[in-house]
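Keep the sequence beside the view.

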Amino acid sequence: MVKRVPEIIIAAALPILFQFPSSAHSFGAIAVDDSIKPPVFAIVTKQDSPGKAGNAAIGRCRSSGGRYCRIIENFDKCGAFATSSTAYGAGTGVRRKSARNMALRNCGENCEIVGVACEDD
């Protein structure tokens with residue numbers, strides 16, 4: 001004789017079987033103080049929430065000499081920062097290259113990448 005497991009038990013167990021750990025997703029942020037030249041910036045990754053990422057980026061920006069640090073980007077995978085003598089730009093993307101390209105586009109001419117960070121670094 002074969003015993004059957006009631007379908008209702010299997011259906012109730014499915015959400016438990018397919019849950020992912022809360023640490024499977026991480027957040028990042030880019031902070032900048034553009035009141036000084038060159039601007040002071042910070043990129044952080046691997047935070048539990050966008051708020052924690054923002055706070056960590058502002059803290060790192062301030063510890064690097066910034067007084068008026070503010071968040072300019074939040075991201076999931078990768079963030080990049082580019083600067084020139086007259087401009088700066090931030091970029092995000094699912095890969096390092098796409099974040100770098102966006103930062104360069106947002107910065108304009110004669111810019112160079114000065115920082116990139118990805119969640120898998």
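A salt bridge here is a side-chain nitrogen of Lys or Arg within 4 Å of a carboxyl oxygen of Asp or Glu. The model is predicted. By that definition, the structure holds 4 salt bridges.

Start with D34 and R70. Their side chains meet in a salt bridge, with 2.9 Å from N to O. D34 sits in the loop between β1 (27-33) and β2 (40-47), while R70 belongs to strand β3 (residues 70-75), so the pair ties together parts that are 36 residues apart in sequence. How accessible are the two partners? D34 is partly exposed, at a relative accessible area of 27%. R70 is partly exposed too, with a relative accessibility of 39%.

Next, go to E119 and K77. These side chains also form a salt bridge, and the N to O distance is 3.0 Å. E119 lies in the segment after β6 (112-118), and K77 in the loop between β3 and β4 (78-83), so this contact links parts that are 42 residues apart in sequence. E119 has 24% relative accessibility and counts as partly exposed. K77 is partly exposed as well, at 35%.

Now turn to D48 and K52. Their closest N and O atoms are 3.6 Å apart, and the two residues form a salt bridge. Is D48 buried or exposed? D48 counts as exposed because its relative accessibility is 57%, and exposed means over 50%.

Note on methods:
Residues are numbered from 1 along each chain as its sequence is written. This is a predicted model: local features need pLDDT of at least 70, side-chain atom pairs count only at pLDDT 80 or more; totals for chains, interfaces and linings use all residues. Side-chain values use heavy atoms; hydrogens and water are left out. Helices (H or I, at least four residues) and strands (E, at least two) are DSSP runs, numbered from the N terminus. Buried means under 20% relative accessible area, exposed over 50%, partly exposed in between (1.4 Å probe, protein chains only).
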